[in-house]
Amino acid sequence: MSPYTGSMPPAWTPPAPGPRAPEPEDELVVRPFMLTGGRTRPLHDGLRIETLLHASPAALSAPLRFESRRIVELCQAPMSIADLAVALGVPLGVIRVIVADLVTDGYVRIEEQLGELPIALIERIRDRVRAL
């Protein structure tokens, strides 16, 4: 016995065209190697993700472009490399290369770094990660 009683199942019809959701490839994408001039290693080594950076107000008048200019603007108050990567939406390795250039050129300076992280700070980070 057929599940259809003498009639054919309805034919499939495509959905009506409507507003199209933007595709990821529709957005303008700049490849990371374009931001760093093809370099993958920073000129100034030893920049960790928690390294705090600070730019002087005079660096705002420097002839910087794009991400470098934005980093100098954001670093008017001390900011870590990880925070810069999030703020700019750029991979961490790219930020390290750009920041190393800015440090070498004297536009950004490194705040005093801790040799090793204190146990209390490590525990606080662990607790916040667990809370996520």
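Analyst: A residue is called buried when its relative accessible area is under 20%. Please note that the model is predicted.

User: What percentage of the residues in the chain is buried?

Analyst: The cut-off for a buried residue is under 20% relative accessible area. The chain has 132 residues. Of these, the buried share is 23%.

User: In which order do the elements of the chain run from the N terminus?

Analyst: The chain contains five helices and three strands. Read from the N terminus on, the order of these elements is α-β-α-β-α-α-β-α.

User: How far does helix H4 reach from its first C-alpha to its last?

Analyst: Helix H4 covers residues 92–104, which gives 13 residues. At 1.5 Å a residue, a span of 18 Å is expected, and the computed reach is close to that value. From first C-alpha to last, H4 reaches 18 Å.

User: Is H3 roughly parallel or roughly perpendicular to H4?

Analyst: The axes of H3 (residues 81–88) and H4 come within 9 Å and cross at roughly 115 degrees. Angles of 65 to 115 degrees count as roughly perpendicular. Therefore H3 lies, relative to H4, roughly perpendicular.

User: Which residues of H4 meet H3?

Analyst: On the H3 side, the residues taking part are Ile81, Ala82, Leu84, Ala85 and Leu88. Two of their partners in H4, Ile95 and Val99, are also listed as buried. The residues of H4 that meet H3 are Leu92, Ile95, Arg96 and Val99.

Methods:
Residues are numbered from 1 along each chain as its sequence is written. This is a predicted model: local features need pLDDT of at least 70, side-chain atom pairs count only at pLDDT 80 or more; totals for chains, interfaces and linings use all residues. Side-chain values use heavy atoms; hydrogens and water are left out. Helices (H or I, at least four residues) and strands (E, at least two) are DSSP runs, numbered from the N terminus. The expected span of a helix is 1.5 Å times one less than its number of residues. Buried means under 20% relative accessible area, exposed over 50%, partly exposed in between (1.4 Å probe, protein chains only). Axes are lines fitted to C-alpha atoms, for helices over the stretch in contact, and angles run from 0 to 180 degrees between N-to-C directions. Angles under 35 degrees count as roughly parallel, over 145 as roughly antiparallel, 65 to 115 as roughly perpendicular and the rest as oblique. Contact means heavy atoms within 4.5 Å.
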